[in-house]
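This briefing covers a ligand site and a few local backbone and side-chain features. Please read it alongside the sequence and the coordinates.

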Amino acid sequence: MNSKMKLPILYSQRSHQTRDLAISFLMQQGVENPNCISLAAGLVDPMTLPVGDALQAASRVLETEESGRLALQYGTTQGSAELREELLKHFASLEGSDVASLGIDETQLIATTGSQQLLSLVCETLFDPGDICLVAGPTYFVFAGNLAGVDARTVTIAADDDGMQPAALDHALEQIAAMQELHRVKLIYVVSYYDNPSGVCVSTERRKEIVDIAKKWSRDHRILVLEDAAYRELQYDGPVHSSLWSFDDSRDQVIYTQTFSKTFSPGIRVGFGVLPSDLVGPICDRKGNEDFGSANFNQHLIAETLRSGVYKTHLQKVRAGYQEKRDAMLAAADRYFSDIDGVTWVTPHGGLYVWMSLPESIATGFESPLFKQAVKNGVMYVPGELCYAGPAEDRPSHQMRLSYGVQTPDGINKGMERLAEAVKSVVR
Ligand SMILES: Cc1ncc(COP(=O)(O)O)c(C=O)c1O
């Protein structure tokens, strides 16, 4: 044998279950087309990143030998007690409650490496191959990848401008029960505020209904609801909604997760979860296997920004900036798309995305004439079909996720103009 020949690596079955790398493709397109305006990237606005605030918080954390050493040491798997205490207060204020009335304490909070880690830990802790998760269509595509990674089956539930449809959820569970498969249903996943990708917020009535349906079908085991509230604090207008979690009086049915990535800094990678008490141990055991605790220093940094009020002040600035960009994208949608037949879009009251639907005959995927024309025109978007779980042939393919996070209002306007030209060229 040629001594230079590489022997193959024998990968695990699980490693083959990772979904195709759509994000890598989009990034490559961005590199190959440097003048392209990306309405695809879901990154936060670089101009909002709180360099001064982070420096100030880091200085405070390192101000004394004692506080500095505490932050620079290993922490605990569940997360810093100081941070979890601040998180509990923060969560209570979002719920319009005080800590004492929440019905939980900090032992049910976990600090994670972004909220993404909690999504992944929940999948690994709950799913055996073939177990079932119900998700909205469309849904957060990275979570669909997490589910594929543990070989879970997904059942897509129709959603509209008020989010996942409870009647469709109930019906799906009824069908699953009729097929004697209810024991395989572990989780209902809901992005409850300004969904990625659809921008919609689940209405208050539906929040309660979804929790009630999870309870109703929890016969021999609990069907948990995973409430992903990643965009909760990026609200610009519209009604204020209580969480799905708040409709679960038992505090046992809903896993709640949130992040500081969108509102403060994704580089700090701090997210958190509120867990049913009996899930804390299994999730921490799993997390312990991975990292025995998220970056302790970063947790102290976030605790300091919450404690000092710096977070609140920063959030106001971030919201104002994104609201301007959201308005720029909606104005451009009106300006350039309203004369194209069959084009509709969702008006988001928060978050980072506008979800646009084209006539069903117009495909938006990477291989479609539209995507190629868009790149030629100098603009990129996320094809909607990437944002559905389940087999490719069952996914709608005429939608687009448009992000306004990164571009300036001028860039958004220009990008939307280029995209409309591309759409018009394939509609004709
Ligand atoms: C709906 C949703 N959930 C979770 C995440 C994970 O974010 P992070 O790990 O940075 O907290 C994202 C990131 O884009 C998201 O859009």
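Predicted model: local features only at pLDDT ≥ 70, side-chain atom pairs only at ≥ 80, totals over all residues.

Residues are numbered from 1 along each chain as its sequence is written, and side-chain values use heavy atoms, with hydrogens and water left out.

**Ligand site**

- The ligand sits in the largest pocket. On a 1 Å grid over the protein atoms alone, a pocket is an open set of points with protein on both sides within 12 Å along at least five of seven lines. A molecule sits in a pocket if more than half of its atoms lie within 2 Å of the grid points.
- Around the ligand are Gly114, Ser115, Gln116, Tyr140, Asn196, Asp228, Ala230, Tyr231, Thr259, Ser261, Lys262 and Arg269; a residue is near a molecule if one of its heavy atoms lies within 4 Å of it.
- Helix α5 (residues 114-126) gives the largest share of this shell, 3 residues. Helices (H or I, at least four residues) and strands (E, at least two) are DSSP runs, numbered from the N terminus.
- By class, the shell holds 3 nonpolar, 6 polar and 3 charged residues. Ala, Val, Leu, Ile, Met, Phe, Trp, Tyr, Cys and Pro count as nonpolar, Asp, Glu, Lys and Arg as charged, and the others, Gly among them, as polar.

- Ser115 places a polar backbone atom 2.7 Å from an oxygen atom of the ligand.
- Polar side-chain atoms lie 2.6 Å from a ligand oxygen in the case of Ser261, and 2.7 Å from a ligand oxygen in the case of Arg269.
- Of the 400 Å² of accessible area that the ligand has on its own, the protein covers 92%; areas come from the Shrake-Rupley method with a 1.4 Å probe.

**Backbone geometry**

- The peptide bond from Gly137 to Pro138 is cis, with omega near 0°. Pro138 belongs to the loop between β3 (132-137) and α6 (141-149).
- Asn196 and Pro197 are also joined by a cis peptide bond, with omega about 25°. Pro197 is in the loop between β6 (185-191) and α8 (204-216).
- Tyr194, in the loop between β6 and α8, has a positive phi of about 45° although it is not a glycine.
- Asp151, in the loop between α6 and β4 (153-160), has a positive phi of about 60° and is not a glycine either. With 36% relative accessibility, Asp151 is partly exposed, a class that lies between buried and exposed (over 50%).

- Asp131 is placed in the loop between α5 and β3 and is buried at 2% relative accessibility.
- A polar side-chain atom of Asp131 lies 2.8 Å from the backbone nitrogen of Asp128. The side chains of Asp131 and Arg184 make a polar contact of 2.7 Å.
- Gly75 is in the loop between α3 (65-72) and α4 (81-94) and is partly exposed, with a relative accessible area of 33%.
- From C-alpha to C-alpha, Gly75 and Glu32 are 42 Å apart in space, and 43 residues separate them in sequence.

Notes:
Polar contact = N/O pair within 3.5 Å; in protein donor to acceptor, adjacent residues only side chain to side chain. 1 Å grid on protein atoms, 1.4 Å probe; cavity = no way out; pocket = protein on both sides within 12 Å on 5 of 7 lines; lining within 4 Å. Buried < 20%, exposed > 50% of the residue type's maximum accessible area, 1.4 Å probe, protein only.
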